[in-house]
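I set out to record, entry by entry, what I looked up in this structure.

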Amino acid sequence: MSSPHDGPVSRRERNKQDKLARITAAASELFAERGVDEVTTQQIAEKADIGTGTLFLYAKTKGELLLLVQNSTYGEALERGQAAASVIEDTLDAVMAVVQPVVECNRKQVDNGRTYLREIVFGNPEEPHHAVALGLIAETEGEIASILTRDGTVAPQRAALAAHVVSAIMFAAMAATINVDKSVEDVVAEIEAQVAVLLT
């Protein structure tokens, strides 16, 4: 049975999608070049060739704009991690296959990555881009939990709790000021050492 939403996308919807794509591209480029703290919403609006008022229809704050940009790269990283983990038998190695690309995408621009994590923790969960970020974290934890239950020796509830701890370890390692100058490899190694203890 066909849905009333089937069929061609309306011109209005195409315009909205086009503006969102322009905003995302403009914010992504400016944040990567200068860091989120050095970019204004006015600069993003100008680069996206829209008015500031229009920009705020898509994201109410600069923090929400960062969530919009980072959620996209997080989602892609998670997909790569899921694909890699699906062909790895060792539990720790499979968990780290999920973790590594997430760390890599978060560390492309360290200050932006740390601000993204701060927005997730302290931002408004009712904002749409914040909700997407929380959904990505839940999906990450779900993937890790499914890895932990693959051999049938870990109960689903315990796996879910362990996955939540892995997520917390990952967040702390990526956000910690002491780790700002560390390489992706060093941060991943720190996470792996802690996860190995958890899984023992």
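**Entry 1. Charges and surface.** I looked up the charges of this predicted model. The chain carries 18 positive and 29 negative charges, and their mean positions lie 8 Å apart.

**Entry 2. Overall build.** I went through the elements of the chain and found nine helices and zero strands. From the N terminus on, the order reads α-α-α-α-α-α-α-α-α. Taken along the principal axes, the box filled by the C-alpha atoms is roughly 55 × 55 × 25 Å. I noted that 42% of the 200 residues count as buried. For contacts between residues at least 6 apart in sequence, I noted that 67% join residues at least 24 apart.

**Entry 3. Helix H5.** I asked how many of the 16 residues of H5 are buried. Twelve of them are, so H5 is largely enclosed by the rest of the structure. The buried residues of H5 are Leu92, Ala94, Val95, Met96, Ala97, Val98, Val99, Pro101, Val102, Val103, Cys105 and Asn106. I next asked what covers the buried residues of H5. The cover includes H4, H6, H7 (128-148), H8 (156-175) and H9 (184-199). H5 itself runs over residues 91-106 and reaches 23 Å from its first C-alpha to its last, close to the 22 Å expected at 1.5 Å a residue.

**Entry 4. The aromatic pair.** I searched for aromatic pairs and recorded one in the structure. It is formed by tyrosine 74 and tyrosine 116 in an edge-to-face arrangement, with 6.5 Å centre to centre and 70° between the planes. I then asked which helices the pair links. Tyrosine 74 belongs to H4 (residues 62-85) and tyrosine 116 to H6 (residues 110-122); the two are 42 residues apart, and the pair links distant parts of the chain. Both tyrosine 74 and tyrosine 116 are buried.

**Entry 5. Tyrosine 116.** I stayed with this residue of helix H6. Why does tyrosine 116 count as buried? Its relative accessible area is 3%, and buried means under 20%. I listed what tyrosine 116 touches, not counting residues up to four places away in sequence: Leu66, Leu67, Gln70, Asn71, Tyr74, Asn106, Ala133 and Leu136. Among these, Asn106 is also one of the buried residues of H5. I also looked up the distance from tyrosine 116 to valine 9: they are 107 residues apart in sequence and 32 Å apart in space, C-alpha to C-alpha.

**Entry 6. Threonine 140.** I moved on to helix H7, where threonine 140 is found. Threonine 140 is buried, with a relative accessible area of 2%. Not counting residues up to four places away in sequence, threonine 140 touches Tyr74, Leu78, Val98 and Met170. One of these, Tyr74, belongs to the aromatic pair. Val98 is among the buried residues of H5, and Met170 is among those of H8.

**Entry 7. Helix H8.** I asked which residues of H8 are buried. They are Ala159, Ala162, Ala163, Val166, Ser167, Ile169, Met170, Phe171, Ala173 and Met174. The cover over the buried residues of H8 includes H5, H6, H7 and H9.

**Entry 8. Alanine 48 and aspartate 49.** I ended with two neighbours in sequence. Are they buried or exposed? Alanine 48, found in helix H2, is buried, with a relative accessible area of 2%. Leaving aside its neighbours within four places in sequence, alanine 48 is in contact with Arg22, Ile23 and Ala26. Alanine 48 and lysine 19 are 29 residues apart in sequence and 7.6 Å apart in space, C-alpha to C-alpha. Aspartate 49 lies in the loop between helix H2 (41-48) and helix H3 (52-58). At 63% relative accessibility, aspartate 49 counts as exposed. I also noted its phi, which is near 60°, a positive value in a residue other than glycine. Most residues other than glycine have a negative phi.

How values were computed
Residues are numbered from 1 along each chain as its sequence is written. This is a predicted model: local features need pLDDT of at least 70, side-chain atom pairs count only at pLDDT 80 or more; totals for chains, interfaces and linings use all residues. Side-chain values use heavy atoms; hydrogens and water are left out. Helices (H or I, at least four residues) and strands (E, at least two) are DSSP runs, numbered from the N terminus. Buried means under 20% relative accessible area, exposed over 50%, partly exposed in between (1.4 Å probe, protein chains only). Contact means heavy atoms within 4.5 Å. Lys and Arg count as positive and Asp and Glu as negative; His and the chain ends are not counted. The place of a charge is taken as NZ of Lys, CZ of Arg, CG of Asp or CD of Glu. Rings of Phe, Tyr and Trp (its six-membered ring) pair if their centres lie within 6.5 Å; planes under 30 degrees apart count as stacked, over 60 as edge-to-face and the rest as tilted. The expected span of a helix is 1.5 Å times one less than its number of residues.
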